[in-house]
Amino acid sequence: MSILNIFNQVEISHYIYLSTVLFCIGLFGVLFRRNAIILLMCIELMLNAVNLLFTAFSTYMGDADGQIFVFFIMVVAAAEAAVGLAILVLVYRNTRKTDVSFLDQLKG
Amino acid sequence: MLTLMIFLPLIGFVVNGIFGKFLPKAISGWLGTAAVLGSFVIALMSVMDLTGDTKMPERIYTKLFTFLHVGGFHVDFAFQFDRLSAVMTLIITGIGTLIHLYSIAYMHEDSGFYKFFAYLNLFIFNMLVLVLGSNYLMLFFGWEGVGLCSYLLIGFWYKNADYGKAARKAFVMNRIGDLGLLLGLFLIYDTYGSFEYQEVFRSVFAGSAESNAVNTAIALLLFIGAMGKSAQIPLYTWLPDAMAGPTPVSALIHAATMVTAGIYLVIRSEAIYALSPIAREVVMWIGLATSLMAALIGLKQNDIKKVLAYSTVSQLGLMFIALGCGAYTAALFHVITHAFFKALLFLGSGSVIHGMHHEQDIRQMGGLRKKMPVTYLTFLIGTLAITGFPFLSGFFSKDEILVSAFAHNKLVFGLALMSAGITGFYMFRMFFVTFHGTYRNTHYAFEKVHESPILMTLPLLILAVLSVVGGVVNLPHYMGEGISGILHHTLSYDGGGKFSPILMYPEHAPEIDHTTEWLLLGMAVSVFVIAFLYTRNKYVIQGAVPEADEAQLGMGKVLANKFYVDEAYDTAFVAPVEAAGEVVGNYVDEKGVKGLVDGVGSGSTGISGWLSKIQNGNIEYYLVYMVIGIALLLAFNLF
């Protein structure tokens with residue numbers, strides 16, 4: 001019994017539940033936490049929840065397209081984390097804070 | 001050629017209207033005159049085509065382009081020159097030329113000289129479209145055009161607020177009539193499926209008797225239009241006020257041409273009127289009432305132009321009596337002779353006003369015959385012609401109307417004779433008070449009164465000759481078989497059975513014997529003589545001067561105040577409208593509309609103020625909104 005088969009024995013619905021839970025944790029983290037570093041981490045969590053779903057369906061359907069998407073998302077996520085952290089460092093240097101609610105200069 | 005005839009005045013209008021400001025007065029005046037003279041010459045040549053040729057066609061027809069084409073609705077911008085149009089065209093361009101000539105001298109001091117000629121030319125163009133159009137829509141086009149020109153020219157001296165009001169009054173009253181005309185046209189299209197005269201009349205002629213109710217409705221609606229344009233009760237009050245315009249305008253538009261458009265309309269639609277005795281009765285009685293009423297008012301007017309204006313209304317009433325009696329030829333005959341002598345009288349009064357330096361009150365005149373011999377002589381001829389001096393033009397045409405009225409209804413004849421008799425009283429009253437007696441004006445020295453220049457007296461002389469001999473157009477049968485009834489033959493000419501004549505239903509000569517006819521003539525002449533002797537005795541021998549309006553008593557006061565019709569209209573129509581305007585202005589607009597508009601404004605300010613709080617610059621909130629939005633979209637998709 002190869003590892004692939006083990007994955008196949010777990011039903012697809014379980015993957016969906018898991019990724020939904022992960023996504024929601026990420027989402028609520030983004031919405032309700034103030035710390036910018038935690039926000040970035042929560043965004044990673046949401047992206048990875050989506051990645052998990054992609055791979056799960058990819059295996060389930062026997063189609064590699066989903067896995068290719070996952071690689072793209074990982075590349076983008078890495079870039080995003082790099083840019084995000086860079087911005088964060090600059091913000092911290094200017095304000096000595098990582099609290100995003102302090103940044104409300106976009107007010108209408 | 002037909003196109004050129006119609007568009008020459010338009011070219012004159014455009015040139016004078018655009019470049020007139022830069023042209024010297026002499027050029028713009030002569031240019032305007034030449035344009036109309038050109039039309040007149042072409043009209044004469046076209047008449048030759050219609051009569052001289054051995055073929056003698058029914059009409060000359062030119063289609064310029066398709067006016068409107070929507071689905072099955074098709075109207076051509078087309079002109080036709082048939083025998084009725086020919087008569088009208090000759091009057092319009094002929095008298096138009098003389099009046100243009102006269103205006104060169106009359107208006108020479110006016111700063112709006114070029115504008116005046118531009119308007120006059122535009123008027124001639126529209127009038128030609130009215131009488132030469134080959135369908136009812138073209139007629140309507142010209143009808144509105146002349147209304148506009150009438151408005152522009154009445155209010156020509158627009159700096160005087162009263163003149164502007166007179167112009168507006170004329171426009172609004174005409175509009176009431178125009179609505180009737182327009183409804184009539186709709187009904188014609190609805191019933192006969194075309195606006196083309198020939199097609200409509202062919203359908204009417206072939207139509208069954210059941211459709212006579214529709215024909216009556218059409219005839220009455222068209223007559224409402226005619227009432228407005230030709231100043232009949234109840235829409236006549238604008239014409240006396242229209243005298244605010246320059247005198248040549250009064251002569252051309254408000255005496256000789258435009259006001260006869262209503263008569264033209266009825267004669268043109270003879271096929272429809274012939275089927276509706278009820279409509280003809282209405283036309284006749286309205287004409288009669290107008291004629292009598294205007295004649296009575298004319299007795300007490302002291303403004304030289306107002307007398308002539310009421311006289312015009314009265315004469316138009318006589319024409320409508322003739323139309324109501326089915327005597328279309330007599331009506332057209334009176335249109336022609338009236339155009340001659342009334343243009344003459346108006347131009348003569350203009351000459352007097354010119355010589356007196358803008359004095360119009362006849363009580364301020366008197367004894368002018370010594371100073372203005374040519375005007376005096378021509379005015380005398382005009383007065384004799386309108387009052388029915390034997391063998392002048394007005395005698396024949398008026399007599400023809402009276403004879404047909406006699407054959408139709410004795411009561412109508414009696415009242416029409418009375419109206420014709422009153423004509424004699426007010427005309428001679430005005431004539432004697434103006435030209436005889438002693439000079440009464442204390443502000444303007446008698447020595448300064450002068451005869452008008454040749455450019456003004458020449459048209460007077462020409463029109464005087466026409467007023468004398470104008471009767472040859474349609475002499476009565478007792479003048480000799482060979483030369484009588486030319487107009488009658490023209491209108492009834494059917495090309496030897498090749499086409500339908502202008503008057504599709506043959507007119508029967510009134511069936512009265514010769515004794516009666518001579519008796520009627522005698523009555524008309526004796527009424528004339530009585531009027532002449534009475535007024536001469538009162539105003540020349542006794543030297544009476546008309547009282548001021550305020551000094552009038554009893555019936556005289558009522559007449560001097562024009563039966564209080566203007567006041568009645570003010571109370572009945574103007575005041576309620578103004579009151580309604582007050583209500584709408586103060587309540588509906590101020591409270592209702594303003595509240596609504598302000599409410600929309602303040603409401604959106606409030607909502608936007610509330611919405612702008614949402615945009616607080618805090619990213620987390622934006623994210624929350626975004627998530628809520630997506631959740632709502634998903635929920636919406638799922639359920």
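Me: Why are H4(B) and H5(B) called roughly antiparallel to each other?

Reply: In this predicted model, the axes of helix H4 (residues 113-132) of chain B and helix H5 (residues 136-154) of chain B cross at roughly 155 degrees. Angles over 145 count as roughly antiparallel, and H4(B) and H5(B) are therefore given that description. The two axes come within 7 Å, and the crossing in which H4(B) passes H5(B) is left-handed.

Me: Which residues of H4(B) and H5(B) meet, and what makes up their contact by class?

Reply: On the H4(B) side the residues include B:Tyr119, B:Leu122, B:Phe123 and B:Asn126, and among those they meet in H5(B) are B:Met138, B:Phe141, B:Gly142, B:Trp143 and B:Gly145. By class, the residues of this contact divide into 14 nonpolar, three polar and no charged. Gly is counted among the polar residues, so B:Gly142 and B:Gly145 in H5(B) belong to that class.

Me: What is the peptide bond from B:Ile233 to B:Pro234, cis or trans?

Reply: That bond is cis, with omega near 5 degrees, and B:Pro234 lies in the loop between H8 and H9 of chain B. Most peptide bonds, by contrast, are trans.

Me: What makes B:Phe563 partly exposed?

Reply: B:Phe563 has 14 other C-beta atoms within 10 Å. A residue needs 20 or more to be buried and 12 or fewer to be exposed, so a count of 14 falls in between and B:Phe563 is partly exposed. The backbone of B:Phe563 has a positive phi of about 60 degrees, although the residue is not a glycine, and its place is in the loop between helix H22 (554-560) and helix H23 (565-614) of chain B.

Me: How do you know that A:Thr95 is exposed?

Reply: For A:Thr95 there are 11 other C-beta atoms within 10 Å, and since exposed residues are those with 12 or fewer, A:Thr95 is exposed. A:Thr95 is found in helix H4 (residues 65-95) of chain A, and its C-alpha atom is separated by 28 Å from that of A:Ile25, 70 residues apart along the chain. Chain A itself has four helices and zero strands, and buried residues make up 11% of its 108 residues.

Me: Where does domain 2 of chain B touch domain 3 of chain B, and which helix supplies the largest share of the domain 2 side?

Reply: The domain assignment gives domain 2 as 138-268 and domain 3 as 276-560, and their centres, taken over C-alpha atoms, are separated by 23 Å. In all, 29 residues of domain 2 of chain B are in contact with 35 residues of domain 3 of chain B. Helices H7 (197-206), H8 (212-229), H9 (238-241), H10 (247-256) and H11 (261-268) of chain B each supply at least two residues of the domain 2 side, and the largest share, seven residues, comes from H10(B). By class, this side of domain 2 has 19 nonpolar, ten polar and no charged residues.

Definitions and conventions. Residues are numbered from 1 along each chain as its sequence is written. Chains are lettered from A and ligands numbered from 1 in the order in which they are written. This is a predicted model: local features need pLDDT of at least 70, side-chain atom pairs count only at pLDDT 80 or more; totals for chains, interfaces and linings use all residues. Axes are lines fitted to C-alpha atoms, for helices over the stretch in contact, and angles run from 0 to 180 degrees between N-to-C directions. Angles under 35 degrees count as roughly parallel, over 145 as roughly antiparallel, 65 to 115 as roughly perpendicular and the rest as oblique. A crossing is left-handed if the near helix is turned anticlockwise from the far one by less than a right angle, and right-handed if clockwise. Two residues are in contact if their C-beta atoms, placed from the backbone, lie within 7 Å. Domain bounds come from an automatic or database domain assignment.
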